[in-house]
Amino acid sequence: ERAAALLELGEQELLCADLARARLSFRAAVEAARATGDVVTLARAALGFAGGDIGFGWEVGTDDPASAELLREGLEALGEGEPRLALRMIFRLVYLLVFSDEDEQRAGLVGRAEQLGRRLGDPEAATLAESTRLIGLLSRSPDPLLVFDHFEGLLPMLERAEECDREDLLFRSVQLSAFGYYVLGRMADCDRAVAQMDAIAQRLGSPRFTWEVDLNRGMRLLDHGDREAGVALVLRAGAVVRLLRPDIHIAIATLGLLTTEWFFDGEVAMSRSVYEAMEKVLPRGLIKAFVAFAAAMEGDLETARRTMRALLTDDLESLRRPDGHTPTALWALALTATLVGDREAGARLRPLFEPLRPYVISPAPALGFGQLPEWHIGRLELLADKPSAAVRELRTAVARADAYELVGAAGLARADLAVALHRHGGANEAAQMLAEAESLAERYGVDWAIPYLGLLVSDGNSGLRLVARYDGDIPGWGGFARNDRFLVADLNGDGQDD
């Protein structure tokens, strides 16, 4: 009776979005169940300690290690009994192992989930089994460049979830489908899925669900250029998740807002400090790629180039874990290559974007700041001094950004298209594109014109290479000012502008 009472207490505390207190109750329930040999209560308490089978929608690989340990203990204690409870536990455990290198164990768990799904044969079991398989593929798939292909099968899973009698599981299924629609470029379906999440969360009446709705809506508002309303919702979501999972709170509130600063203000100094601090604790490819990108944005070209090249291995292994984040790491490296002028790295990156063409690149499960492959391909073509190819790619990027109402992507793609057109001889259209980009920036309060002073040298092949860059403060001068003028002159008397 004590174990059952503690289990119930933990479940109520979890619904109140206080995981810290809930875990004390669940841990006590585990201890009481061990003492009495009650394996079912032990397994249920272990699942509760991990946050329940539906989890929190986001994982960053920094949860209490006891979550996975208790789930393994509970599964072993159940043996072949309680197949539904075992399936729920496996789903949660696979989610927790997304960032791990335990590939064989994760694959075995996915296989067992599929067996249990067939054995039980009802909508809930089918939804859990299919969701477990999808999470397993997002963690480790046959080809990290094809990881988004798996979302084509989302609709049947969602239909099965609609048939089961668990609204919390339906909520999680709809959340997964919202991300799928986003990367597939089906933005209207994505927004409908978020609205459906909101309706389910209102019926469930718990803040452990409403924070995810706030976060998703906030990210979509930021995509549309509504900074004030978007940031307000992201902060409100963070205030709730801070009690549920402080580690998720840091990832969402801090990194989300830093990305907002980059997109709207061109500000990266704080981002670099945060990414470098995170990389020391979580040395993952995605974080290292953002360290390289932030260094390039700050003008630390040597650090950016060195970090980028270390990640561009033949098998891309350093960018995996999970595979669902590999495409995002690639766009961060592509921006790094174009910012530092590394043509060799650009040539290595260029073909990697081909399989990503149909998609909007975003790290699962984020619904914001989506990146268009054509924008990055266009920039890489410019780096390779192929303005004609760049124009084709960047025209597509502009068209897709407009269709998806991605304000940031629309402005940035226009700015780069203006450069490509100018190099290709289309000066008039280039001026038009630049005017459109400036109009978008003014309308949404975005500062995409990041001022810097660059020192260029000839690369000996009719090109220029950036060897030093100063942002904000310039040695011996001070900070940039709005009316500063830059003069080009013949400095060495050879009759040519230097």
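Tutor: Let's start with Leu 14, which counts as buried because its relative accessibility is 7%; buried means under 20% relative accessible area, exposed over 50%, and partly exposed in between, with a 1.4 Å probe and protein chains only. A word on the source: this is a predicted model, in which local features need pLDDT of at least 70, side-chain atom pairs count only at pLDDT 80 or more, and totals for chains, interfaces and linings use all residues. Residues are numbered from 1 along each chain as its sequence is written, and side-chain values use heavy atoms, with hydrogens and water left out.

Leu 14 belongs to helix H1, residues 2–15. Helices (H or I, at least four residues) and strands (E, at least two) are DSSP runs, numbered from the N terminus. Leaving out residues up to four places away in sequence, Leu 14 touches Leu 19, Ala 22, Phe 26, Gly 48, Gly 51, Gly 52, Phe 56, Arg 208 and Leu 244, where contact means heavy atoms within 4.5 Å. Phe 49 is 35 residues away from Leu 14 along the chain, and their C-alpha atoms are separated by 9.2 Å.

Now try a charged side chain. Arg 220 sits in helix H11, residues 207–223, and counts as buried because its relative accessibility is 4%. Its side chain is joined to that of Asp 191 by a polar contact of 2.8 Å. A polar contact is a pair of N or O atoms within 3.5 Å; within protein, one must be able to donate a hydrogen and the other to accept it, and residues adjacent in sequence count only if both atoms are side-chain atoms. Beyond its neighbours within four places in sequence, Arg 220 is in contact with Tyr 182, Met 187, Cys 190, Asp 191, Leu 367 and Leu 406.

For a whole helix, look at H7, residues 123–139: its 17 residues reach 24 Å from first C-alpha to last, close to the 24 Å expected at 1.5 Å a residue. That expected span is 1.5 Å times one less than the number of residues. Of the 17 residues in H7, 14 are buried. At the start of H7, a side-chain oxygen of Asp 122 comes within 3.2 Å of the backbone nitrogen of Glu 124.

Most residues other than glycine have a negative phi, and most peptide bonds are trans. Glu 82, in the loop between helix H4 (65–78) and helix H5 (83–96), has a positive phi near 50 degrees. Glu 82 counts as partly exposed because its relative accessibility is 41%. Phe 369, in the loop between H18 and H19, also has a positive phi, near 55 degrees. Phe 369 counts as buried because its relative accessibility is 14%. That loop, between helix H18 (343–349) and helix H19 (373–383), holds Pro 365 too, and the peptide bond from Ala 364 to Pro 365 is cis, with omega near 0 degrees. Another cis peptide bond runs from Arg 321 to Pro 322, again with omega near 0 degrees; Pro 322 lies in the loop between helix H16 (301–311) and helix H17 (326–340).

Finally, turn to Leu 455, in strand S1, residues 452–458. Leu 455 counts as partly exposed because its relative accessibility is 48%.
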